[in-house]
Amino acid sequence: MRTLQDLVRPNIWKLSPYSSARDEYSGHDAHVFLDANENPYNQPLNRYPDPLQREVKPLIAKHKGVREEQIFLGNGSDEAIDLVYRCFTCPGKDNVVAIEPTYGMYRVCADINDVEYRPVCLDEQFQMSANKMLAACDSDTKVIWICSPNNPSGNLIDREEIERVLMSFDGIVVIDEAYSDFSKQPPFRLEINRYPHLIVLNTMSKAWGCAAIRMGMAFANEEIIKIFNKVKYPYNVNLLTQEKAIELLRKPYDVEKWVSMLLEERSRLISAFRLLPICKKVYPTDANFFLARMTDAQRIYNYLIEKGIIVRNRSRITLCNNCLRVTIGSKTENTQLLAALRQFE
């Protein structure tokens, strides 16, 4: 196993992080703030937010079963994705391996950071082969990306195959669990003590219903979190986002209720889809959406737009020809979708 120093980009390992005013006085009580060139008026928006989100992290730690020191919070999961590249890969030299198809930002961030992106195609059931993933790696492979439940397919990636990758690959393994709250499988974030080079992503955008506030999470061992915090922008999560996150984290029963309703609607919607003459197959899902192979996805997609109903046409994605990705909405929204599809000719 390569050491963390072997994996981190050399200039990042040597980096002296920016020290903000709020970092320097941390740990002391204060009531007069004349250190950060802030305007004294228009409280509380005049003050910079806590750069390490110390009020938010204990609540997340409690709900997610991890320690505060194992949590990184960012501007959506996309910030954490980009940080993986900036911290662990050298532009023009290193490469990453990822399942295909999957969430598109892994490739976009690779392109932005000038890092070779090596996709490894899933099988027809959208399952991963650990052997194929490992075969795509070489001495310059720093990161393997696995999204589970996967997007756009919705299914969990076989746990034994993921564990084989974790045990065999000596670089960073990132498991994106954005949709794990809709699955009954134990999340991999509970395994970060077992796998020192594992990073698990999560978000408040899905089950927690907070896509608008842009709060993403990364869980990893404390040394990786320290590296992220060294590289991130000083005040990456604003005060309003932190306040809204705290508000919802103190009402977890609302989230449990939402998840329960969405899972019930997911079953109803999938059952109805399978009866539609225009639906050829609905793929297994453990997320708040499903992938359906249709007779003519583009024509059906255009028809639904005319009805004011928006789904996602994934036909151009690997293995997804003629497939629509359908998010589970409210009971009313789902009923409107089904009514429109039953009238499609």
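Is glutamate 265 buried or exposed? I looked it up: glutamate 265 counts as buried, at 9% relative accessibility (buried is under 20% relative accessible area, exposed over 50%, partly exposed in between, with a 1.4 Å probe and protein chains only).

Ground rules for my notes. This is a predicted model, where local features need pLDDT of at least 70 and side-chain atom pairs count only at pLDDT 80 or more, while totals for chains, interfaces and linings use all residues. Residues are numbered from 1 along each chain as its sequence is written, and side-chain values use heavy atoms, leaving out hydrogens and water.

Next I checked the partner. Glutamate 265 meets arginine 268 in a salt bridge, 2.9 Å from N to O (a side-chain nitrogen of Lys or Arg within 4 Å of a carboxyl oxygen of Asp or Glu). Both residues lie in helix H11, three residues apart, about one turn of the helix (helices are DSSP runs of H or I, at least four residues, and strands are runs of E, at least two, numbered from the N terminus). Arginine 268 is partly exposed, at 29%.

Then I searched the whole structure and found 21 salt bridges. One of them joins arginine 2 to aspartate 170, with the closest N and O atoms 2.9 Å apart. Arginine 2 sits in the segment before helix H1 and aspartate 170 in the loop between helix H8 and strand S5, so the pair ties together parts 168 residues apart in sequence. I noted arginine 2 as buried, at 16%, and aspartate 170 as partly exposed, at 28%.
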